[in-house]
Amino acid sequence: MLITIEGIDGSGKSTLLARLHELLADLDPLFTREPGATWVGESVRRAIAERMDPITEALLFCADHAAHIDTLIRPALDEGRLVVSDRYADSRFAYQPVVLDGVLPDPLSWLFRIHEGWSIRPDRTFLLVLPIEDAVSRLGPEKKREYFENAAILSRVQENYLGLAAADPSRFVIVDALLPKEEVARFIADEIRAGARSSRRRPRA
Ligand SMILES: Nc1ncnc2c1ncn2[C@@H]1O[C@H](COP(=O)(O)OP(=O)(O)O)[C@@H](O)[C@H]1O
Ligand SMILES: Cc1cn([C@H]2C[C@H](O)[C@@H](COP(=O)(O)OP(=O)(O)O)O2)c(=O)[nH]c1=O
């Protein structure tokens, strides 16, 4: 079963993942992330740091995803393991349309097409949602932030996430990221456990 955790920068994903490691340890999940689960992620980080052109950057994120699936996700799913990924394809569908706005006529369709035929659809996606000003204040001083991490961009990214969730309500679970950390983590851990139990009763398609 493939679970993904999504949300804008500052929504609490790293904090949540650290707690899920403890809460779900008995299920022996593969915890992984995008970008950077393989060495391809290093080129993505470099592209972000050097402000490479947005198409190069988008394609590097996609290459990172392909390598991630091939080397880690598919083998783990084939063994029947639970996989939990901190960011996944929806990060592309939420962030890159903002970066590619004005560069391509329809960035989201372009991104969907690039993923077609090889990407693996998550069984469930938990989307952490919070007011932009709370996310920005959690991120700390402006000069230390990556260039995605400003209020105007994050607000458009979160709108894109909410659009993706509205279009696919059976996969997305929207979580209030303002709730106390422990409450967020326990709710998501319980949902993952319930999903893992029912997927064991169902043969994989
Ligand atoms: N539920 C929460 N309530 C209050 N603060 C939180 C919560 N979750 C995370 N934080 C704090 O917000 C900051 C950003 O969290 P982090 O997990 O790094 O977010 P992300 O990985 O999504 O960028 C950290 O200082 C963290 O301690
Ligand atoms: C996976 C992915 C991340 N991103 C962005 C989100 C983040 O701003 C940045 C780095 O991701 P990440 O490493 O998750 O950031 P952090 O751990 O600092 O919160 O890349 C995209 O724009 N597209 C993508 O496909």
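Residues are numbered from 1 along each chain as its sequence is written, while chains are lettered from A and ligands numbered from 1 in the order in which they are written. Because the model is predicted, local features need pLDDT of at least 70 and side-chain atom pairs count only at pLDDT 80 or more, whereas totals for chains, interfaces and linings use all residues.

Ligand 1 is surrounded by 14 residues, of which the closest are Gly12, Lys13, Ser14, Thr15 and Arg138; a residue is taken as near a molecule or strand if its C-beta atom, placed from the backbone, lies within 6 Å of it. Two or more residues of this shell come from each of helix 1 (13–23) and helix 8 (181–200), where helices (H or I, at least four residues) and strands (E, at least two) are DSSP runs, numbered from the N terminus. Helix 1 makes the greatest contribution to the shell around ligand 1, with three residues. Sorted by class, the shell holds four nonpolar, six polar and four charged residues, given that Ala, Val, Leu, Ile, Met, Phe, Trp, Tyr, Cys and Pro count as nonpolar, Asp, Glu, Lys and Arg as charged, and the others, Gly among them, as polar.

Glycine 12 counts as buried because it has 23 C-beta neighbours inside 10 Å; a residue is buried if 20 or more other C-beta atoms lie within 10 Å of its own, exposed if 12 or fewer, and partly exposed in between, with C-beta atoms placed from the backbone. When neighbours within four places in sequence are left aside, glycine 12 is in contact with Leu128, Ala177, Lys181 and Val184, two residues being in contact if their C-beta atoms, placed from the backbone, lie within 7 Å. Between glycine 12 and leucine 100 there are 88 residues in sequence and, from C-alpha to C-alpha, 26 Å in space.

Two pairs of helices illustrate the packing. Helix 2 (residues 40–49) and helix 3 (residues 54–78) pack at an angle of about 160°, and their axes are 9 Å apart; axes are lines fitted to C-alpha atoms, for helices over the stretch in contact, and angles run from 0 to 180 degrees between N-to-C directions. Helix 2 and helix 3 are therefore roughly antiparallel to each other, since angles under 35 degrees count as roughly parallel, over 145 as roughly antiparallel, 65 to 115 as roughly perpendicular and the rest as oblique. The contact is formed by Val40, Gly41, Ser43, Val44, Ala47 and Ile48 of helix 2 together with Thr56, Glu57, Leu60, Phe61, Ala63, Asp64 and Ala67 of helix 3, and these residues divide into eight nonpolar, three polar and two charged.

In the second pair, the axes of helix 6 (residues 132–139) and helix 7 (residues 151–167) come within 10 Å and cross at roughly 130°, and the two helices are therefore oblique to each other. On the side of helix 6, Ile132, Ala135 and Val136 meet Ala151, Leu154, Ser155 and Gln158 in helix 7; five residues of this contact are nonpolar, two are polar and none is charged. Helix 6 also holds glutamate 133, which counts as exposed because it has 11 C-beta neighbours inside 10 Å.

Helix 4 (residues 89–99) is mostly covered, as 10 of its 11 residues are buried. The elements that cover these buried residues include strand 1, helix 3, helix 5 (107–115), strand 4 (124–129) and helix 7.

The backbone shows particular features in several loops. A cis peptide bond, with omega about -10°, joins glutamate 34 and proline 35, and proline 35 is located in the loop between strand 2 (30–33) and helix 2. Arginine 51, in the loop between helix 2 and helix 3, has a phi near 50°, a positive value in a residue other than glycine, and counts as exposed because it has 9 C-beta neighbours inside 10 Å. Arginine 87, in the loop between strand 3 (83–86) and helix 4, likewise has a positive phi, of about 70°, although it is not a glycine; arginine 87 is, however, buried, with 22 other C-beta atoms within 10 Å.
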